[in-house]
Amino acid sequence: MRWPLPILGLCATLAAAPVLAQTVVIDLSSHKIAITSGFTGAEVLLFGTRDGDGDVVVVLRGPEKAAVVRRKARVAGMWLNREEVIFAAAPGYYAVAASRPLAEIADAALLAEHRIGFENVHLSPSFEGSGAEIDAFRAALPRILERQGLVRSAVEPIGHVGKRLFRTTFSFPANVPTGLFHADVYLFEDGILLSKRTAALQVSKSGFGATMFGFSRQQPLLYGLLAVAVALMAGWLAGVVFRKS
Amino acid sequence: MDIYLPIAEMSVNMLLLLGMGTAVGVLSGLFGVGGGFLMTPLLIFIGVPPPVAVGSEANQITAASVSGLLAHWRRGNVDFRMGAVLLCGGAGGSVFGVWLFRQLREMGQIDAAISLAYVGFLGTVGLLMAIESANTMRRRQKGAPRRKLHQHNWLHGLPLKMRFRKSKLYISALLPVAIGFGVGILAAIMGVGGGFFLIPAMIYVLGMPTSVAVGTSLFQIIFVTAIVTVLHAVTNQTVDMVLALLLLAGAVVGAQFGSRLGAALRGEQLRGLLALLVLAVCAKLGLDLMIEPDEFFSVAPVIE
């Protein structure tokens, strides 16, 4: 069978495209963070290699969850929560690392398209109020999450080892949410996105604490009864121990 | 040594929790109080979410009251009939209190409501205690006669009268039911046993003998805090058993020291000290509500 030349040419181009896309290879130092009884936070190292002189950008995103942002106002001499705005998909974690300042790597539209940088995260508020009002709440969310160690507004540097190897570290506080995290690695060259790779990271409770947490959510009545039974036993035991001494 | 609390979802120094348990245990042994009214604010001060502090502290108080109840039971100081009537009100009050707690939580007002409840409650109790201990000290100096304890008033004219043999009373059952209801609400919203409110009410309003009042209040507190624990576990999922047990371990040891220390000190001076402590905690909570915060915004997960 004979193929017309233009189609052969197209095939060659398609075959070449994956080769171009595979110019970055990455992995994480661990793919699972276990929140055990002794958990005080964790660090994960992301490392990889690239071909050529492109710019590397890494975005680590935690599971999205609805969050309510409230604003305090003075009521009868006390500071109480008044207005609230619900954001349907607040990020559980967000951090960016890049080999150069983002503005030098690609233009704003491309960064926005790939949601690189916290200002490009879609926060979709529950209602559309006047722009300035919503903006105050929209600005408060990352500020508070950053204080809790769950958002990095500053772009972290990426360390390069030689020409090909790169590495960066992400740290997670003890209050890190559970769920599936994604590390997206983008390779840019001359403002063009060449390639994207994703690595998954699972954060889950583990061991005794996980059992307790799961039990309290799945069987809350039994959990409550167990809590009372344990309390009665512990109280009785304490009474017996100290009566004899 | 840090420990991750599974329900509070935070990492806390274990020695800090044991130390807090011991300190509050010493105070409770010293003053003969449960200590929930001090422990819950302390937990809030170290950053435990207020709803978890309340739910877990209710659980801890159940445990802390057991050995006291057994001791009073052996001495025959528990009026079970009175306890059961109080408990009818207490169960109703806990259900109402936990429902209210849930509503306030959805409205985003629970943290302020807990603080406000403490400010009102501790402020009143602290002032009353300060006045009482000042009066006692003055009376001791002057040697004035004591007032009659059990006085009849309009409250004793209510219907549905019941006889309580152990308390040597023939009064309307509505009174203990109402008092129990109030204590149930306090337990649900503040994570306290409510002995602070219950014992004076039993002695001064109902007219029960002091010895029976203490044993019977423990009976009521165990059941009410147990009901509150189960209701919070089901409705709000804010009972952290690990936290409750760590606090208990400290409190049990502390209470032993406290009761020995208490025997060596004078009563009204102790009460004066406790009054100062109560007023200090009250002032801290009140100031936190009134001082302009650095950050006006807060973020919380949406409650389904």
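The model is predicted.

**The interface**

Chain B brings 45 residues into contact with 50 residues of chain A. On chain B, the elements that give two or more residues to this side include the helices α3 (50-74), α8 (210-235), α9 (241-263) and α10 (267-290). The strands β1 (2-5), β2 (10-13) and β5 (297-301) of chain B also give two or more residues each. The top contributor is α3(B), with eight residues. By residue class, the side of chain B that touches chain A holds 30 nonpolar, eleven polar and four charged residues.

**Strand pairing**

Strands of a sheet pair through backbone hydrogen bonds, in a parallel or an antiparallel sense. One pairing crosses between the chains: β5 (residues 64-75) of chain A is joined to β5(B). Within this pairing, A:A67 stands opposite B:P301. The table sets out both pairings.

| Strands | Sense | Bridges |
|---|---|---|
| β5 (residues 64-75) of chain A and β5(B) | antiparallel | five bridges |

Strands β4 and β11 of chain A sit side by side in an open sheet of six strands, in the order β2-β12-β11-β4-β7-β8. Pairing in this sheet is mixed. Which strands form its edges? They are β2 (32-35) and β8 (156-157) of chain A, and each pairs on one side only.

Notes:
Residues are numbered from 1 along each chain as its sequence is written. Chains are lettered from A and ligands numbered from 1 in the order in which they are written. This is a predicted model: local features need pLDDT of at least 70, side-chain atom pairs count only at pLDDT 80 or more; totals for chains, interfaces and linings use all residues. Two residues are in contact if their C-beta atoms, placed from the backbone, lie within 7 Å. Helices (H or I, at least four residues) and strands (E, at least two) are DSSP runs, numbered from the N terminus. Ala, Val, Leu, Ile, Met, Phe, Trp, Tyr, Cys and Pro count as nonpolar, Asp, Glu, Lys and Arg as charged, and the others, Gly among them, as polar. Two strands pair if DSSP finds at least two bridges between them.
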